[in-house]
Amino acid sequence: MSHSTAEIIREDGPFPGVEHVHGVSFDGRHVWFASGDKLNALDPARGTTVRSIDVAADAGTAFDGQHLYQLAADRIQKIDPKTGRVIATIPAPGGGTDSGLTWAEGTLWVGQYRDRKIHQIDPQTGAILRTIESNRFVTGVTWIDGELWHATWEGDESELRRVDARTGEVLETLEMPPGVNVSGLESDGGDRFFCGGGRTGKVRTVRRPKRGSTAGGGSGTATHSRRR
């Protein structure tokens, strides 16, 4: 297992009216972050919010290339980002103990915080397709280039972890500075991770480690795909 210190390359926020950042996602242009009663679109180049959607948003956020998905209590809401309308809901696998959320190859991946699990679920029904165990609390989850990553937050410590998607074995860790916690995680499809900053009301950008010709996510099958 490789271990290194996370390189924070940008920090945005806190934002007006935002006390807590929960889930984060990326639509190819904007970083969407959940703040309790709203979904907010952040321009990552300027560091400013450009719009918001009034919707319950107290945990993970995902984007499938067309729709947003948002955890709210014991359900996952499917949202049309153009209108802000909730067009469907499915049960969340943790029944209200869910945390991170991401989309990969036609399915949703849901973190369960204190249960230390990641579920792959059917986005139409909520049926659990696969479960991966972790040995740390799971806050955010994301896929990039066949690599499954999740965030942890226990006490005052947080990490970004690359794990084997079959066994849950930790393959790589990026340690956040002391007191810098991660409440949501998303990849931009390239060399950046976007991290929710919890009670700080901030969104931080962390550099993804470079890959050699033989490195990567051979342990999983999903790729993080969305329209750009």
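A salt bridge is taken here as a side-chain nitrogen of Lys or Arg within 4 Å of a carboxyl oxygen of Asp or Glu. Strands here are DSSP runs (E, at least two residues), numbered from the N terminus. The two partners also differ in their surroundings, on a scale where buried means under 20% relative accessible area, exposed over 50%, and partly exposed in between (1.4 Å probe, protein chains only). Arg-208 is buried, at 9% relative accessible area, while Asp-145 is partly exposed, at 48%.

The model is predicted, so local features need pLDDT of at least 70 and side-chain atom pairs count only at pLDDT 80 or more, whereas totals for chains, interfaces and linings use all residues. Residues are numbered from 1 along each chain as its sequence is written, and side-chain values use heavy atoms, with hydrogens and water left out.

Across the whole structure, the search finds 14 salt bridges. In general, side chains of opposite charge can pair when their charged atoms come close. Arg-136 takes part in two of the contacts described here. With Glu-154, its closest N and O atoms are 2.9 Å apart. This pair links Arg-136 in the loop between β14 and β15 with Glu-154 in strand β16, 18 residues apart; both residues are buried. With Glu-159, the closest N and O atoms of Arg-136 are 3.9 Å apart. Because Glu-159 lies in strand β17 (residues 157–163) and Arg-136 in the loop between β14 and β15, this second pair ties together parts that are 23 residues apart in sequence. The relative accessible area is 12% for Glu-159, which is buried, and 15% for Arg-136, which also counts as buried. Through shared partners, salt bridges join Arg-116, Arg-136, Glu-154, Glu-159 and Arg-161 into one network.

Aromatic contacts come next. Rings of Phe, Tyr and Trp (its six-membered ring) are paired if their centres lie within 6.5 Å; planes under 30 degrees apart count as stacked, over 60 as edge-to-face and the rest as tilted. The count by this rule is 6 aromatic pairs. In one of them, the ring centres of Tyr-113 and Phe-137 lie 4.8 Å apart with the planes at 50 degrees, so the pair is tilted. Tyr-113 sits in the loop between β12 (107–112) and β13 (117–121), and Phe-137 in the loop between β14 (128–133) and β15 (141–144), so parts 24 residues apart in sequence are tied together. Tyr-113 is partly exposed at 24% relative accessibility, and Phe-137 is buried at 13%. A tilted pair is also formed by Trp-149 and Phe-193, with 4.9 Å from centre to centre and 55 degrees between the planes. Since Trp-149 belongs to strand β16 (residues 147–154) and Phe-193 to strand β20 (residues 192–196), this pair ties together parts 44 residues apart in sequence. Trp-149 has a relative accessible area of 0% and is buried; Phe-193 is buried as well, at 0%.

Strands count as paired if DSSP finds at least two bridges between them. Strand β11 (residues 98–104) is joined to β12 by 5 bridges, and the two run antiparallel; here Leu-101 stands opposite Val-110. Their hairpin has 2 residues between the strands, and Glu-105 takes a positive phi near 50 degrees. Strands β12 and β13 are likewise antiparallel, over 5 bridges, with Val-110 opposite His-119. This hairpin has 4 residues between its strands, and Arg-116 in the turn has a positive phi of about 55 degrees.
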